[in-house]
Amino acid sequence: MFTLDDAFARIGDAHPDLRLFGSQRSVLEAERDLAAQRPAWVAGAAVDNVFGSGAVSGVKGAELTLSLASVFERGGKLDARRAFAQSRIDALAVDRESRRLDLLAETARRYLGIVAAQRRIELAQFDIGQRKRTVAAARQRLVAGASPESGLLTAQAALARAELDRARSEQSLLAARQHLAALWGERDPGFAGVAGDPYALPKIEEATALAALLDRSPELTRFVDARRIGEARVRLAQSQASADIDWQIGVRRLQDGGDTALIGSVSMPLGARSRAEPGIRGAQAELTVLETEREAKGLLLYSTLVEAHGRYRVGALEVARLKDEVLPRMSRAENAAEYAYRAGAISYLELALLQADSVAVRKQRLDTALDAQLALIEIQRLTGESFLAPSSAPAGATP
C-alpha cells in the first residue's frame with residue numbers, strides 16, 4: 001500500500017525545485033570566491049622619446065620604464081564583500097527549507113484528496129447497499145399488492161443515483177492519484193490506493209503555545225538571514241566611504257647615460273565619503289523596511305495560525321460528536337425503518353428520507369474530518385514542526 005512517506009521520499013528525490021538549490025548554491029559559492037579576490041597586480045612597460053625629430057628621431061633616445069601597480073583597498077572592503085557573499089549562501093538553506101515544507105504540505109493535501117476519494121467510494125457503496133435492500137423490499141411489497149409500482153421505480157432510481165455517485169468518486173480517485181504523481185513528474189501513478197484514516201485527529205496544543213513556534217518557522221527565519229544580508233550590504237556600502245589608494249612602482253632606464261632609476265606614484269580619488277553616503281542611507285533604509293515587513297508577516301502568520309487552529313478544533317469536536325452521538329442513533333433508526341417498511345408500517349418516502357439523512361450525516365462527518373486535516377497540515381506548515389503527528393491521517397510518519 002502506498003503511504004505518505006513514499007510520496008515524501010519521491011518529492012525529496014525528484015522535485016526540481018529542491019534540486020535547483022544545489023545549483024544556486026554553486027553559483028553563490030563562485031560569487032563568494034570572486035568577491036574574496038584581492039585587487040589584481042598590474043605589470044606594465046612604457047617607452048618614451050621614440051620616433052620623434054632631431055635628437056629623439058627613431059629609437060636612439062628611447063627610455064624604457066618597467067612598472068608594477070595595484071590598488072590598496074581601505075575600509076575593510078574585502079571582508080565586507082566576503083561577508084555579503086557568505087550571508088547569501090547561508091540564506092539559501094532557509095529558502096530551501098521553506099520550499100521543502102511548502103512542497104510537503106502540497107503533497108499531504110493531494111494525498112488527502114486520494115484518501116477522500118476512497119472514503120467517498122465507501123460511502124457510495126454503503127448507500128448502494130441500503131438502496132438495494134430497499135429495492136428488494138419494494139419489489140416484495142409490489143408482489144404482495146401492498147404498494148404501487150411507483151414505489152419500486154422510485155427505489156430503483158435512488159439506487160441508480162447511488163451508483164452514479166460511486167462512479168463519480170471512482171473518477172475523482174483516478175484524477176487525485178494522477179494529481180499527486182504529477183508532483184514528482186510521473187504520468188502513470190503506479191499505485192492503486194493509499195493508506196490513511198481521515199478521522200484520526202490528534203490532540204494539538206493551544207493556539208498561544210503554537211504561536212510561540214512561529215519565530216522558528218522558515219517564513220520568519222528567512223527574515224533573520226535577510227537582515228544579515230542587509231547588514232552586510234550596509235558594511236559594504238560603508239566601506240566605499242574610504243577611498244582606495246592606487247600605487248605604482250617601477251624602474252626607468254635613462255638613454256643618455258645608460259643609467260637606471262626608480263619611479264613611483266600614489267593616487268587617491270577625492271570625495272569618496274560624499275559619494276558613498278547615498279548608498280549607505282539606502283542600505284540602512286532597506287533594513288528598516290525589512291523590520292516592517294517582518295512585523296507584517298508575523299501578524300499574517302499568527303492570524304492564519306489562529307484561524308487554522310480554530311477550524312481544526314471545531315472540526316475535531318464535530319467529528320467526535322457525530323461518531324459518538326449521531327451515527328449510533330441514526331444506525332438504529334435505519335434498521336428500525338427498514339423493518340417497519342417491510343412490515344408496511346411506514347411509506348417508502350419516510351424510509352427514503354431517513355436513508356438520505358443517514359448518507360448526509362456520514363458525508364458531513366467525512367467533509368468535516370477532511371477540513372480538519374487540511375487545517376492541521378496548514379498549522380504544521382506554519383510552525384515548521386514535525387509535519388504530521390504519528391496518529392493523524394493521512395500520515396505515515398514525519399518527513
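Visitor: In which helix is the place of Ala7?
Guide: The model is predicted, so local features need pLDDT of at least 70. The helix that holds Ala7 covers residues 4–14. Its name is H1.

Visitor: Is Ala7 buried or exposed?
Guide: Leaving aside neighbours within four places in sequence, Ala7 is in contact with Phe2, Thr107 and Trp184. Buried means under 20% relative accessible area. Ala7 has 0% relative accessibility and therefore counts as buried.

Visitor: What distance separates the C-alpha atoms of Ala7 and Thr107?
Guide: Thr107 is among the residues in contact with Ala7. Along the chain, Ala7 and Thr107 are 100 residues apart. Their C-alpha atoms are separated by 7.1 Å.

Visitor: Is Pro16 buried, exposed or partly exposed?
Guide: Pro16 lies in helix H2, residues 16–35. Partly exposed is the range between the buried limit of 20% and the exposed limit of 50%. Pro16 has 45% relative accessibility and so counts as partly exposed.

Visitor: How far apart in space are Pro16 and Leu183, C-alpha to C-alpha?
Guide: In sequence, Pro16 and Leu183 are 167 residues apart. The C-alpha to C-alpha distance is 9.7 Å.

Visitor: How far apart are the end C-alpha atoms of H4?
Guide: H4 runs over residues 149–181 and has 33 residues. At 1.5 Å a residue, H4 should therefore span 48 Å. The distance in the model agrees with this, at 49 Å.

Visitor: Which helices do the buried residues of H4 pack against?
Guide: The buried residues of H4 include Leu152, Leu159, Leu173 and Leu180, and Arg177 is also one of them. The helices they pack against are H3 and H8.

Visitor: On which residue is the kink in H7 centred?
Guide: H7 has 71 residues and reaches 99 Å from its first C-alpha to its last, close to the 105 Å expected at 1.5 Å a residue. The kink in H7 is about 40 degrees.

Visitor: What relative accessible area does Glu338 have?
Guide: The place of Glu338 is in helix H7. Glu338 touches Gln130, Arg133, Leu351 and Gln355, not counting residues up to four places away in sequence. Glu338 is buried, with a relative accessible area of 10%.

Visitor: Which residue just after H7 takes a positive phi?
Guide: The phi in question is about 80 degrees. The residue is Gly344.

Visitor: Why is one side of E1 and of E4 left without a neighbour in the sheet?
Guide: The sheet is open, with four strands in the order E1-E2-E3-E4 and antiparallel pairing. E1 (42–48) and E4 (260–267) stand at the edges, so each has a single partner strand.

Visitor: How many bridges pair E2 with E3?
Guide: E2 covers residues 63–72 and E3 covers residues 245–253. Phe72 stands opposite Ile245 in E3, and Leu66 stands opposite Val251. The pairing is antiparallel, and the number of bridges is nine.

Visitor: Which residue in the turn between E3 and E4 has a positive phi?
Guide: Eight bridges join E3 to E4, which run antiparallel. Trp247 stands opposite Val266, and Arg252 stands opposite Ala261. E3 and E4 form a hairpin with six residues between them, and the residue with a positive phi of about 70 degrees is Gly258.

Visitor: What is the count of buried residues in E4?
Guide: E4 has eight residues and is hardly covered. The count of buried residues is zero.

Conventions. Residues are numbered from 1 along each chain as its sequence is written. This is a predicted model: local features need pLDDT of at least 70, side-chain atom pairs count only at pLDDT 80 or more; totals for chains, interfaces and linings use all residues. Side-chain values use heavy atoms; hydrogens and water are left out. Two strands pair if DSSP finds at least two bridges between them. Helices (H or I, at least four residues) and strands (E, at least two) are DSSP runs, numbered from the N terminus. The expected span of a helix is 1.5 Å times one less than its number of residues. The bend at a residue is the angle between axes fitted to the seven residues ending there and the seven starting there. Buried means under 20% relative accessible area, exposed over 50%, partly exposed in between (1.4 Å probe, protein chains only). Contact means heavy atoms within 4.5 Å.
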